[in-house]
Structure formats: structure tokens, C-alpha cells
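Student: Please walk me through reading this model, one feature at a time. Where do we begin?

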Amino acid sequence: MTRWGEPFREGDALATAAVVDRAQIAIVVIDRFSLLRYWNPFARELFGFVGGRDYVGLSLLDIGIHESDREHASQLARRVLRGEPWEGTFAVLRGDSTWIHVRAQAVPMRNDDGEIDGITLIAREALRSGRVEEQYGLLERIGSRLASSLEFDSTVRGVAGILVPQFADHCFIDLYDHDRLVRQVSVHAEGWTPPPRTWFDVGEEVRYPERHFVTQALRRLETVVSSDYLFESSPNNRSDRVSRQVGVTSAIAAPLRARGEVLGVLTLALSGLSPRQKSTYGGFDRDLVGAIASRVALAIDNARLFEEERSTALAFQNSLLPSDFPPLDGLTIASRYLPAGPLQAHGHGVQTQVGGDFYDVIPLSAGRVGLVIGDVEGRGPHAAAVMGQLRAALRAFAQADREPADILRELDEWVRRLGRPIEGGTWIPSVSCLYMVYDAWSRELSYANAGHASPFLITSDSVEALDLEVTDRMLGVRVKGGAGEDVVYHQAELSLPTGATLLLYTDGLVDRTPLGGRPDPERALSMLTERVTEVADKDVEQIAEAAVHSVPGALDDDTALLVVRTDSDELALREGWFPSEASTVGEARHLAADTFKEWGMDRDQAELACLLVSEIVTNVVIHATPHPVHREFTGNGVRDSETPFEESASFDEFDEDWSDLLDEVAEADEADAEADEKEFLLRLRRGASRVWVEVFDHDLRLPRIRSAAADDEGGRGLYLVEQLATRWGSRPTPDGKAVWFEMPMHTPEESSAAEEGGVPEAIEEHSASG
């Protein structure tokens with residue numbers, strides 16, 4: 001062909017396939033399902049297809065399109081399949097791990113019937129040609145990238161990834177840290193890295209000479225292009241030498257300004273690292289980089305503000321959750337809290353990561369432990385505030401040794417007080433909560449459940465959901481039209497197998513959103529079960545870590561996780577029933593002394609513990625009721641089967657005046673032979689380093705410490721218990737009460753008692769009562 005419009009000579013005819021194969025532009029054909037059907041040799045070179053791999057039938061997204069552009073590519077396909085052409089730019093990771101930006105045009109491909117059955121994509125590498133329209137496209141892409149991230153590191157590195165190598169061979173971002181300029185980003189084309197101690201590295205303080213073009217840009221607060229006198233003011237000789245070796249030909253420095261404040265400087269440079277049609281920057285490039293710098297500065301400022309807000313929010317969240325747990329006999333604990341992703345806008349701006357998921361482990365009386373997992377509806381500061389108040393209330397109720405069902409009933413009322421006014425009424429949050437009390441010595445687990453998912457029971461044989469007999473409605477939720485009387489929380493008990501492990505979790509763990517899909521809780525539970533089964537014999541930290549990473553996808557909701565493993569190797573228990581008579585006080589004390597000696601308790605600690613045993617057993621002998629009384633915990637509160645004493649002022653308070661009372665009790669026992677025999681139970685528990693003493697009787701009145709006068713002969717028993725025991729308390733039981741105290745088995749070296757080498761005078765004076 002000699003002129004346009006003239007036909008080829010017969011000898012110059014080319015087949016259609018040959019034309020396509022020789023064309024220096026990528027041609028890709030995909031079907032209606034975005035699956036690859038054809039590509040020409042230039043497409044293989046452009047996209048970096050790995051030799052030998054069969055790409056036929058793979059998705060368009062599998063040719064290396066960056067994750068941030070996948071939705072962009074999906075929109076391309078949907079638009080073209082509707083019959084509309086499309087043109088745009090997207091980033092591609094080639095088979096050799098290098099990045100390029102591709103400018104693509106896509107048109108529908110029709111069959112003989114005129115129906116669209118595929119897409120033809122024509123593409124070439126973008127931005128290196130210096131074409132103005134492509135540079136405007138660069139500005140658009142940077143704006144999209146900046147709008148998609150509020151995290152500082154991803155923001156600045158994402159910008160550098162777009163600019164290099166399509167617009168520059170080197171990209172530096174230096175930001176002020178107070179009055180110091182510190183390098184934050186240093187990115188170079190073709191994977192090149194400057195030799196050590198030449199150019200400033202990330203994290204180093206940057207100091208430019210007075211006449212350097214970057215210094216001029218910061219002083220003038222305008223974008224500066226440097227080409228002719230580029231090497232006259234290098235920071236040092238080593239820097240100058242490397243710049244000449246790599247062939248730096250032109251550079252641009254643009255100050256980063258936001259809200260009237262100079263944040264730092266963006267510097268771009270061209271060199272011989274990559275081939276391009278232009279080797280120097282011009283006036284248009286200066287204006288373009290100035291526009292880019294203004295957007296980058298605003299994004300950096302927003303990212304810093306958001307990270308500061310997020311840091312504050314997470315500090316607030318973490319302060320509401322337990323940071324660690326005390327040593328617990330018979331239990332090993334691991335916990336995790338995962339905040340939700342920050343980019344959750346619902347018409348009210350970007351939400352912070354705080355949420356209402358919570359967990360807790362609460363030491364209770366006599367070595368028992370309360371286990372809590374819960375989830376407050378919604379996200380944000382209000383949900384976190386509700387969670388914090390709820391957890392504090394629950395811990396207070398639990399440490400008072402309230403029954404699980406009774407605690408949930410109280411929490412239901414508490415949640416209603418935390419509601420906030422809205423148009424047309426009051427918004428009351430819904431809260432799921434599972435509260436369990438575990439006794440490591442008996443392996444008994446009592447619980448009440450307010451609409452929370454069952455934990456996983458992990459044994460050597462299986463991983464399955466724990467069979468909870470009772471599950472009641474969530475806290476804050478009542479039957480429509482109900483006045484509150486319909487809210488009843490039930491309580492049940494079960495026994496755990498030896499060596500069992502519990503995995504308690506909130507729904508954020510299984511409600512994750514996979515890439516390009518929707519949450520599938522059932523499949524997520526299956527994946528969780530499978531992954532936990534693989535590590536069932538590992539320690540609790542490994543189980544927790546495996547559970548956290550078992551379900552892929554984005555965290556749309558925060559997640560709380562608690563792994564609890566039972567272990568009874570270091571536990572021991574001894575108990576005995578005694579008549580409530582004066583003569584049995586010594587018998588109970590002898591049982592305690594023999595047991596403490598057998599358990600290897602320090603002699604001094606054992607003597608103090610035996611003294612306290614005498615004090616609380618004497619209380620039982622003096623004050624225990626003559627007739628057992630059955631106490632029932634109902635939905636309407638605590639109900640006793642009978643009142644064992646007359647309601648008179650003399651019994652309103654637990655009196656601890658013991659003057660000559662033991663003698664009177666002995667005389668009363670002899671005089672009243674027909675009276676029903678009274679009994680009490682002394683129970684001794686041993687952990688790894690502590691012992692607990694419990695005394696059970698049928699008296700419903702809980703003891704209190706009274707202030708004994710100087711001339712009183714009694715009334716100091718509980719005062720001694722409080723002063724000498726690590727912890728003590730009392731709790732109601734179904735047929736009476738239990739009084740308990742805790743003592744360490746071994747005396748700490750820094751203990752003041754060990755330094756003084758004796759028993760306090762008050763103890764010696766009062767020990768005769770035992």
C-alpha cells in the first residue's frame with residue numbers, strides 16, 4: 001500500500017491472525033463470564049504471563065489486577081456487557097513481580113445474531129509516554145487511591161506505588177516530626193536500592209543544603225523543578241556520586257500543606273532506571289505534581305487525624321476490657337479482642353473501631369471462677385460505653401456471689417437504664433451475655449444464658465458446640481406489651497470432662513465478609529471447627545490464634561474470644577461433717593491441721609489458717625439455726641421455705657459478741673436432748689499455691705464485721721479473718737450460707753510477718769477462743 005485507501009499488493013497480503021500477532025498492542029478476549037479466551041503475544045508480554053502456565057478459562061482478575069482495582073475491572077465487564085464501550089487505567093502486578101499501569105479500552109463483541117457474548121480488550125502501558133490525557137488520568141487514580149485509605153502507611157506507600165515507575169523513577173516523602181524532617185517513603189523503579197549511607201533512608205532525619213531545590217520549595221511554599229543545576233547542592237559527596245551513577249536527569253519538589261500547616265515535602269526524580277520518552281520535567285509536570293501534592297497532604301493530614309482518633313478509641317476500648325488475668329487454679333486462659341475495620345460509613349462518616357463485645361474472667365469465692373462473654377448491639381463509642389458499664393455491674397454482682405440467673409435478671413434492668421432517647425421513644429440496646437461459674441475441683445459448670453451462641457467444647461475426641469440446656473432472650477429485650485414480669489432467666493448445671501477446653505466467642509468471628517462475597521456463618525462455623533480440631537491438643541494461646549485466623553474475610557464487627565482449659569493436676573479437696581457442738585471446734589481444727597501438713601503448707605501459714613478455722617467454726621456453733629431451711633432462687637427473687645427465727649430486732653443483725661457463749665451452747669445442748677441435731681460442713685481446697693477454707697451451715701444470715709469495744713471479750717473473730725486472710729467472704733447457698741477465706745500456702749519472703757518472726761499480739765490474745 002503506497003497511499004491510504006489503496007489496496008495491498010497481492011504479495012503483501014497478511015492473514016488476520018498475523019496482523020493481530022504482530023500488533024504492538026495487547027489484545028485480550030474474554031467471554032460473558034469474564035473468563036480469558038484469547039490473547040496475542042504482546043498481551044503476554046505486557047501482562048507478564050508466566051511461560052508454560054495455561055491462562056485459558058481463568059478470570060480477568062487473575063492476570064494480576066491489583067486488589068484495589070478489582071471492583072474497577074468488574075465494573076468494566078458489567079458496563080461493556082450492557083453494550084457500552086469503556087476506557088480507563090488500572091494497576092497490574094506482572095508475573096515477574098513488577099508493577100505497571102495499563103490503559104485499556106474495552107468494546108462488546110457480538111455473535112452472528114447480534115447478541116453480546118464477550119468483550120475485546122485493547123491495552124497498552126500507561127503514563128510513560130508523557131501524554132497529557134494520561135497524566136490527568138494519573139491524577140484521577142491518585143485521588144481514588146487516597147480516597148480508599150485512611151491509614152497513614154498505606155496512604156503514602158500507595159501514592160508512591162502509583163507514581164513509580166510510570167511518572168518517576170524515584171519518589172521520596174519527607175514529613176516533619178516537630179522541627180525535624182524525617183524520611184517516610186523511599187521508592188525506586190526496577191527494584192533498585194541506593195547504596196548504604198548515600199541517600200537518606202526511611203526513618204532517618206533529612207537535612208538539605210541551603211541552596212538545594214527542596215529547601216527552596218519549602219521556603220517559597222511552591223513546587224520547584226530542577227534540571228540544569230541538579231547536582232550543585234547535593235547533601236554530600238556520596239549522594240552526588242550515586243545520583244550521577246544512576247543518571248538522575250530531572251526532579252520536582254512540592255511542599256505538602258494542609259490546613260495552613262507545612263507537613264513535609266514530596267520529591268520525584270527521573271533517571272536512567274527505566275526507559276521513557278521524556279527525560280526532564282516541564283511546566284505542566286510541575287503543575288500536575290503540585291496538584292498531586294495538595295491531595296497527598298490532605299490525605300496524610302486526614303490519616304493522621306483518623307489514626308489519632310482510632311488510637312484514642314482503642315485505648316478507651318482496651319481500658320474497658322481486662323488487660324490480664326490473675327493466676328487461676330485449675331484453669332489456663334487465653335483471650336483475644338479484634339476491633340472491626342474502620343471503613344464502615346453509614347451516612348454518618350467513617351466509624352471508629354470501638355464496639356461492644358466483651359469478655360471477663362472473675363475470681364470468685366473458694367477458687368471458683370466466673371466466665372463471661374457478651375456482645376452489645378451496634379458499634380461506636382455508645383456501644384463501648386454501654387459495654388463498660390455493663391461489665392462493671394456484672395463484675396460487682398458476680399463478686400457478691402450472686403447466682404448466674406439472678407445476675408442476668410439484674411443486668412436486664414441495668415441495660416434498660418442505659419437506653420438513650422430517640423424520636424418516638426427510647427432506644428434500648430440488645431445485649432447477648434453468657435455467664436458461667438466453674439468449680440475446678442468438682443468440674444461443675446453452672447450458667448445462665450441471655451441469647452448468646454454456645455461455646456465450643458474441645459476434648460481429645462471432638463470439637464463441638466457445648467449443649468446448653470437453657471437459653472433465654474437477650475438483655476434489654478422484652479415481649480411486646482410485656483411489663484417486665486415475663487423476663488425470667490433460668491439456670492442450669494453441667495459437668496465438664498477431664499481436661500476439657502472451652503472456646504467462648506462473639507459473632508464477629510464467624511460473620512466475616514469474604515472478598516467479593518457475603519458472610520456465611522454456617523460455612524464459617526465449619527471452618528472454625530476444622531481449624532480448631534487441628535490444634536485441639538496445643539496450648540490455649542495457639543488455639544486462640546488459630547480460631548482468630550480460621551475464617552478469612554473482612555472484620556465487619558468487633559470480636560471477643562476466650563479460651564479456657566481445665567486442669568485438675570494440682571488440685572486437692574478434703575471435707576468433713578461435724579455436729580454444731582462446742583466439742584467439735586477442736587476436731588475441725590485438727591482435721592485442718594493434718595490436712596495442711598499433708599499438703600506441704602508452711603508451718604507458720606498453717607498455724608494462722610488453723611486459727612481462722614477456729615474462728616469461723618465457732619461462729620457456726622454459736623449462730624447456726626436449729627432447723628435446716630431450704631432457699632430457692634426463683635424468677636421473682638430468693639424465696640425461703642420457712643423462717644427459722646422470729647422477726648425481732650434481736651435477730652436483724654448478725655451479732656458476734658462471744659462472751660461465755662461456748663459454755664452456754666454446751667449447757668443448752670445438754671439441756672435440750674430432744675432438739676434436732678445441727679451440723680456444719682468444713683471443706684478444704686488446695687490449689688497450686690493457695691488453700692481455701694469453707695464452712696457451710698443452715699443459717700440464712702450473712703456475717704458482718706462488728707467493732708468490738710476495748711473491754712469486750714469477743715467480737716473480733718471476723719476482724720482477724722479480714723486482717724490475716726488474703727481474701728474472705730460469705731455467700732448464700734440453697735439451704736443456708738457459706739463462709740470462706742483464702743490463704744497462701746507459703747510465706748512470701750518480703751512479708752512483714754516473716755521479718756518480725758512472730759504472731760501479732762492481737763492474735764495471741766484472742767487465740768484462746770479456739
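**From cavity to sheets**

Tutor: β6 (170-177), α7 (237-246) and β10 (261-270) each supply at least two residues of the lining of the largest cavity. The element labels are DSSP runs, numbered from the N terminus (helices: H or I, at least four residues; strands: E, at least two). The model is predicted: local features need pLDDT of at least 70, side-chain atom pairs need 80 or more, and totals for chains, interfaces and linings use all residues. Residues are numbered from 1 along each chain as its sequence is written, and side-chain values use heavy atoms, leaving out hydrogens and water.

Student: How many cavities of 30 Å³ or more are there, and what is the volume of the largest?

Tutor: Rolling a probe the size of a water molecule over the atoms shows where empty space is left. Here a cavity is a set of points on a 1 Å grid over the protein atoms alone, where a 1.4 Å probe fits but cannot get out; lining residues have an atom within 4 Å of a point. Points are joined across faces, edges and corners, and the volume is the space filled by probe spheres set on them. The count is 4 cavities of 30 Å³ or more. The largest has a volume of about 310 Å³. Its lining holds 19 residues, and the closest to its centre are Phe-172, Trp-199, His-212, Ser-239 and Ser-243.

Student: Which residue classes make up the lining of the largest cavity?

Tutor: The lining has 11 nonpolar, 7 polar and 1 charged. Nonpolar covers Ala, Val, Leu, Ile, Met, Phe, Trp, Tyr, Cys and Pro; charged covers Asp, Glu, Lys and Arg; the others, Gly among them, are polar.

Student: β6 supplies lining residues. Which strand does β6 pair with?

Tutor: β6 pairs with β7 (residues 180-188), antiparallel, over 8 bridges. (Pairing needs at least two DSSP bridges between the strands.) Asp-174 has Arg-183 in β7 as its bridge partner. The two strands form a hairpin with 2 residues between them, and His-178 in the turn has a positive phi of about 60°. Glu-190 also has a positive phi of about 60°, although it is not a glycine. Glu-190 sits in the loop between β7 and α6 (213-220).

Student: What lies between α5 and β6?

Tutor: A loop, and Pro-165 is in it. The peptide bond from Val-164 to Pro-165 is cis, with omega near 5°.

Student: How do α5 and α8 cross?

Tutor: Two packed helices are described by the angle between their axes and the distance between the axes. The axes of α5 (residues 152-163) and α8 (residues 283-320) come within 8 Å and cross at roughly 160°. (Axes are lines fitted to C-alpha atoms, for helices over the stretch in contact; angles run from 0 to 180 degrees between N-to-C directions.) The two helices are therefore roughly antiparallel, a label for angles over 145 degrees.

Student: Which residues of α5 meet α8?

Tutor: Phe-152, Thr-155, Val-156, Val-159 and Leu-163 do. Their partners in α8 include Ile-292, Val-296, Arg-304 and Glu-307. Contact means heavy atoms within 4.5 Å. By class, this contact has 9 nonpolar, 1 polar and 2 charged residues.

Student: Now the sheets. What is the strand order in the one holding β11?

Tutor: The order is β11-β22-β21-β18-β19, an open, antiparallel sheet of 5 strands. Its edges are β11 (331-338) and β19 (463-465), each pairing on one side only. The twist averages 20° from one strand to the next. 8 bridges join β11 to β22 (residues 559-566). Ser-335 stands opposite Leu-562 in β22. Helix α11 (residues 521-534) lies across β18 (456-458), β19 and β21 (501-505), at about 20° to β18.

Key
On a 1 Å grid over the protein atoms alone, a cavity is a set of points where a 1.4 Å probe fits but cannot get out, and a pocket is an open set with protein on both sides within 12 Å along at least five of seven lines; lining residues have an atom within 4 Å of a point. Angles under 35 degrees count as roughly parallel, over 145 as roughly antiparallel, 65 to 115 as roughly perpendicular and the rest as oblique.
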